[in-house]
Amino acid sequence: MSDQMVFDDLLHEEREFPPLAAFAEKAALRDESLHRAGAADPVKFWEEQARELEWFAPWKQVLEWNPPHAKWFTGARINISHNCLDRHLKTWRRNKAAIIWEGENYEFRTLTYQQLHVEVCKFANAMKALGVTKGTRVALYMPMIPEAAVAMLACARIGAIHSIVFGGFSPESLSDRINDAQAELLITADGGWRRGNIVALKNEADKALETCPSIKNVIIVKRGHADTFHLKVKEGRDHWYHRIMDGASSDCPAEQLDAEDPLYILYTSGTTGKPKGIVHTTGGYSVGTYVTSKYVFDIRDEDVYWCTADVGWVTGHSYIVYGPLQCGATILMYEGAPNHPENDRFWEIIARHRVSIFYTAPTAIRAFMKWGDHLPAKHDLSSLRLLGSVGEPINPEAWMWYHEHIGRGNCPIVDTWWQTETGAIMITTLPGVNTTKPGYAGIAFPGIQATILDEQGKEVTQGSGLLAITHPWPSMLRTIWGDDERYVNTYFSKWDKSVYFPGDGAKRDDKGNFMILGRVDDVLNVSGHRIGTMEVESALVDHPLVVEAAVVGRKHDLKGQAIVAFVTLKSGAMMNREVIAELKQHVVTKIGAIARPEDIILAADLPKTRSGKIMRRLLRDIAEGRALGDTTTLADPSVVEMVREQYEEKYGD
Ligand code: PRX
């Protein structure tokens, strides 16, 4: 388990934070009744929760479970765009702010539920006019602007399946994802601001589109940078958002979708070079994101809720857009970087908009710690009442800093464990109910059944093992787009085919709180972003100088993990500073900046088993300066010593 060492120092965490009385008094949930109901009968529990949403037709059956395939709320008709918008229009919330947006350059926009509804309906009609219908795949490559949410909700409204590609991914990554899903429409923007620079999304998209024959139309949102980039508009294919919106009707009743109709595809990294298109469906995902938003974030009407994720990641899907809007929340959306123009931008935003719920990632918290206590201290953060963490394990030091310097001791912290595949939060504390321990995510959310198993499927009661989910849940992925076999093999073949294998290591304390220990497979978590080692390796061997590459993660104070690549070069090629820079850039060009290796190490050879498999485990030991694990299966044990010497020559102290 690669991350085991990282957490060794946490094993004796004893600090406990029971629910704060002032918070619990007003919390939506103050006792364990939901946990009990979920444990007694998860199916009945989810059925009861589902009744809070509006359905066009009721379900015939709550769960059809043919392991490992689940169907939830079969026969029912629903639309998540309707539950995010229309449901609220019938109440006073019609004129409540749905989205408060702040651009990096201090532009501001607010859309009420009514206004958002009009935008979504018009855009849905505009897409229909371009031939988009139920089931059409629509790719999004967008900055963090309200139109990203509009596009998502408009797709959901007509049953088109969106596939959002994070704006930091390279054209090649975008093209791969478009082609895998056979998307027919791409929605992008002329640009977006990031740390004082403009990211020219449309120009990047144009490079991708050279190899995307399925794309028939492109819609470009004018963020205001078209002139800067000599943006090209391809006649017949490219359409400006504001032009097609101009004449569009705002009358677009939500399509009455089957609960199991796909809602979206979101690509995520796995253990092979090819990202997986995770498929979420409509009914179960609506229920899962709604219920978790309601209870984990305890969302109230007067809250201003801010999740700092990008819509390109699952957190942006479930906890910027779909979950909070189904709750009728006011969400804050910020376009840019946390350190622009200064390192206290986030605190400035919280003070300006009186944000009350703040959900971010440990990697950001560690950066804030480094930037200094004086920065949050300068701002009025008294509006905050709840803090959240997601994406990677939060180390107790960062937890305590978050608690003291941002929450000022008055805010519960919910550490939420979940994944692209799970759709919604699975393990956490509920802020008015459970006692929190820094470094521990908490217990299973009501209706979720989680445990720890060993390789053989035996329950682990002492020490660490593999996290397992033993009962299906409504927002679970249904398959991998176009590759159901991979779905079965990746997630339901470790043990019994009814048990979900998330790929994380975990341990439990005596009260049943889970501590998540990190990935046990070849997936890295760099700044909360999932990156497959094989993806980076494929990018490296694509370079003409590289013969072979092995990529591992090593502990990094800010990013959680950093990417270390061991490469062997073509004979005669020299490793020098220029080559290292070129290889790093090559990875950025192939995948995107998030995959840039921190270190590139020349290795004369790579440690392999007798069957030729690279032993990444040993390379991880080297990169983290640990004693080497078992080397008896190596074809040539001297290789690993050689690599270690090369590594220490470069990085040893
Ligand atoms: O390793 C776990 C880690 O992030 C992985 C899921 O990544 P992704 O699908 O990109 O979704 C991230 C946002 C939900 C998990 O397998 N992870 C996520 N949340 C936590 C976490 N690790 C520890 N604690 C968490 N709260």
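## Ligand contacts

Which atom of the ligand is 2.8 Å from an N or O atom in the side chain of arginine 530? The atom in question is an oxygen of the ligand, and the pair falls under the definition of a polar contact, namely N or O atoms within 3.5 Å, where within protein one must be able to donate a hydrogen and the other to accept it, and residues adjacent in sequence count only if both atoms are side-chain atoms. Taken alone, the ligand exposes 540 Å², of which the protein buries 96%; these accessible areas come from the Shrake-Rupley method with a 1.4 Å probe, and for residues only the protein chains shown count as cover.

Glutamine 419 places a polar side-chain atom 2.9 Å from an oxygen atom of the ligand, whereas glutamate 392 uses a backbone N or O atom, which lies 3.3 Å from a ligand nitrogen. There are 17 residues around the ligand, and Thr416, Thr420, Asp504, Arg519 and Arg530 come nearest (a residue is near if one of its heavy atoms lies within 4 Å of the molecule or strand).

## Basis of the model

This is a predicted model, in which local features need pLDDT of at least 70 and side-chain atom pairs count only at pLDDT 80 or more, while totals for chains, interfaces and linings use all residues. Residues are numbered from 1 along each chain as its sequence is written, and side-chain values use heavy atoms, with hydrogens and water left out.

## Domains and their interface

The protein chain is divided into domain 1 (111-255) and domain 2 (523-651), with bounds that come from an automatic or database domain assignment. Their C-alpha centres lie 37 Å apart, and the contact (heavy atoms within 4.5 Å) takes seven residues from domain 1 and eight residues from domain 2.

Between them the two domains bury about 480 Å², 46% of it on carbon and sulfur atoms, where buried area is the accessible area (1.4 Å probe) that two parts lose on being put together, summed over both. In domain 1, Phe169, Ser170 and Glu172 lose the most area to domain 2, together 60% of what that side buries.

## Polar and charged pairs

The count between the domains is one salt bridge, defined as a side-chain nitrogen of Lys or Arg within 4 Å of a carboxyl oxygen of Asp or Glu. Glutamate 172 forms a salt bridge with lysine 590, and the closest N and O atoms are 2.8 Å apart. Across the interface of domain 1 and domain 2, six residue pairs are in polar contact, both residues at pLDDT 80 or more.
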